[in-house]
Structures are given as structure tokens and as C-alpha cells.
Amino acid sequence: MKAILCKEYGGPEKLIIGDTDSPIPEPDQVVVDVYAASINFPDTLQIQGKYQFQPPMPFTPGSEVGGVVSHVGSEVSNLKVGDRVMAVSTIGGMAEQVCCNASSVRKIPDNMDFNTAAGFAMVYTTSYHALKQRARIQPGETLLVLGASGGVGLAAVELGKLMGARVIAAASSDEKLTFIEQAGPDELLNYGDGELKEKVKALTDGKGADVIYDPVGGDLFDQATRCINWNGRLLVVGFTSGRIPNYPANLALLKGSSMVGVFLGRFRKEEPEAYEQNFQELLQMYSDGKIRPIVTQTYPFEDFESAFNVFKERRVMGKVTLTIRQE
């Protein structure tokens with residue numbers, strides 16, 4: 001089969017499309033014919049050798065796909081050949097086929113296409129876990145979402161509104177804020193000039209936000225610690241800025257605030273029942289039309305370099321996917 005291969009660390013220009021063996025499932029696994037694969041920020045780190053999980057060379061990046069089950073392991077009873085599914089794999093998604101544990105594969109609603117399926121699982125389960133279990137956000141609280149035009153940020157805006165929060169969606173340009181408007185935030189904030197703290201205070205009567213969702217880190221995190229409300233929760237989701245910041249403990253003391261880590265992989269391992277409950281609730285929200293995943297940039301399989309460069313050039317709005325085969 002054809003697959004994108006990483007044989008040396010570097011940018012997307014180092015990747016190639018090559019031939020590799022088709023996967024054979026273990027008893028508890030299934031093989032999915034991939035129609036669409038999602039690109040996430042961790043994929044861009046992994047091909048550079050900078051991620052916390054690095055597979056042995058050569059490897060195929062990609063952890064989310066939408067497709068059709070083509071082979072089923074002998075111990076799998078909840079899936080069958082021909083099922084339309086979304087799957088979360090550790091690696092290997094950017095290929096014509098991928099092998100996944102059956103527990104990581106879920107049937108998709110009839111009204112969900114493969115591009116949407118490929119971009120659904122990680123952003124929504126991450127943001128829902130962050131707001132539900134980690135922040136325990138309450139109706140009427142103010143939620144500030146940084147990097148709100150990206151996949152997890154946009155999902156946080158949507159879910160925050162559904163959970164009854166007043167949502168301030170923040171991004172680095174007016175173009176991105178215009179894009180975010182379709183998710184229905186209450187307020188828009190442009191921090192492209194490097195200023196965040198005073199703008200947040202102006203929108204919150206000087207109190208600051210009750211919950212701050214931060215997938216960016218760096219300088220924005222530094223300012224976020226200074227515009228958080230009493231009893232506020234600062235959610236550490238990621239570091240797309242490239243700098244892992246330090247947390248000044250004196251500010252936690254003065255503001256009675258908390259820094260709360262959001263690590264979806266560990267949550268899934270430690271609390272599998274809660275993770276599955278979240279997932280089923282999210283799929284029901286989709287079926288009911290309450291959430292509308294937005295895939296804005298889709299590239300042909302052969303043009304993977306352009307797709308990766310969307311992240312490199314910080315142009316991400318919504319989800320970015322690769323079309324591996326046509327429906």
C-alpha cells in the first residue's frame with residue numbers, strides 16, 4: 001500500500017510517499033481502509049523528533065482517520081467489514097490502510113462524512129474533557145479560549161456555549177476572528193498586538209476569566225495568569241507557540257487560582273469509562289445537530305507538504321485533512 005513515510009527528522013519536505021506492507025490485524029484489532037486522515041499539531045512535532053512519543057524509524061504519521069473496516073481480528077465482535085468508522089491510531093493514519101485496536105474504532109453517524117470523521121475525535125474529546133472534568137465549568141462562568149481558530153480551540157468555543165458559559169474567543173488576527181464567529185462566541189478578542197491581559201479585564205469588569213483554555217502557551221500563558229478570576233482555572237492544553245512557560249506560584253496564591261493539566265491520553269488510560277461516556281455524549285451531540293465540526297482545509301494525499309505547512313505557517317483555521325481515497 002501507499003503511505004507517507006518519515007525516514008529522517010525534519011520538516012514536511014523530508015517526508016515521502018512510498019510503498020509499505022499492508023497491515024495484518026491482531027485478534028483484537030481491525031484494519032481500516034482510509035478515506036481521510038487528519039493532521040494535528042503533534043504530527044508536526046513528531047516528524048521533527050520533538051514529540052513526547054517518538055516511534056522507531058521509518059514511520060507513518062497520523063493518528064486520526066475516517067474510513068471503512070476492511071479486515072476484522074478474530075476476537076472483535078462489535079465491528080464488521082464494511083462499517084463506516086472513525087479511528088484513533090497511535091501512528092500510521094496517513095496511509096491507504098491503518099491497523100487499530102478495536103477499542104479505538106467507532107462507527108460514525110449516517111450523516112457524518114469521512115473528512116469530518118477524521119477530524120472529530122481528538123479535538124472534541126480533548127476540549128470536552130478539559131471543560132467537563134478538568135475545569136468543571138458552570139453555567140454563567142466566563143470562558144476565555146486562546147487559539148480559538150484552531151481545531152481544539154474551535155471545539156472549546158462550541159462546547160463552552162453548549163455548557164452555558166459566556167465565551168470569549170481569542171485569536172491573533174481579524175481574519176481568524178471572522179472565521180470563529182460561526183461557532184457563536186459571545187465576545188471576540190484580537191491579541192495579535194501581543195496584548196491580552198487588559199483586553200480580558202475590560203470584557204470582564206476587571207475580574208478576569210473564570211476558566212482559561214490555553215493550547216498556545218508562551219507569552220499568552222504568562223498574561224493569562226494575570227487575567228484570571230478568583231477561583232479561576234487555567235487549563236494547560238498544549239504549547240503551539242513553541243515555548244513551555246513557567247507558572248508563578250505567587251499568582252496562584254494571590255488569585256486563589258489553579259493551573260490544571262489536560263492530557264487526554266492519560267485520562268483515557270486512567271478513566272476509560274468516563275472517556276467512553278464523553279465520547280458517546282459527543283457523538284449524540286453531533287447526531288442531534290448541536291455541534292458542527294468544521295473542516296476548512298482538505299488536501300490531496302500527494303499534496304501533504306502543503307497541508308503540513310498550514311501548521312508551520314500558523315494558518316490553521318478549523319481542521320486540516322488529507323483525502324486518501326475518494327468515496
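Predicted model: local features only at pLDDT ≥ 70, side-chain atom pairs only at ≥ 80, totals over all residues.

**Entry: the cores.** I looked up the largest nonpolar core and found 52 residues in it. M86, F120, L143, Y213 and L235 have the most contacts inside that core. I then picked L235 and listed its partners, leaving aside neighbours within four places in sequence. Another core lies apart from the largest one and has 32 residues. L15, V98, F304 and F308 are among its members. I kept a general remark beside this: in soluble globular proteins, nonpolar side chains tend to be buried together.

**Entry: the fold.** I counted 11 helices and 15 strands in the chain. Of the contacts with a separation of 6 or more, 68% join residues 24 or more positions apart.

**Entry: size.** How does the radius of gyration compare with that of a compact globule? For 327 residues the rule gives a value near 20 Å, and the chain has 20 Å, so the two agree. The C-alpha atoms fill a box of roughly 60 × 40 × 35 Å along the principal axes.

**Entry: surface and charge.** Buried residues make up 55% of the chain. The accessible surface comes to about 14,400 Å², and carbon and sulfur atoms hold 48% of it. I placed the 32 positive and 40 negative charges too; their mean positions are 5 Å apart.

Technical notes
Residues numbered from 1 in each chain as written. Heavy atoms only, no water. Core = buried A, V, L, I, M, F, W, Y, C linked by side-chain atoms within 4.5 Å. Buried < 20%, exposed > 50% of the residue type's maximum accessible area, 1.4 Å probe, protein only. Contact = heavy atoms within 4.5 Å. Helix = DSSP H or I, 4+ residues; strand = E, 2+ residues; numbered from the N terminus. Rg over C-alpha atoms; globule rule 2.2 N^0.38 Å. Areas by Shrake-Rupley, 256 points an atom, 1.4 Å probe, with all protein chains shown as cover. Lys, Arg positive; Asp, Glu negative; His and termini not counted. Charge placed at Lys NZ, Arg CZ, Asp CG, Glu CD.
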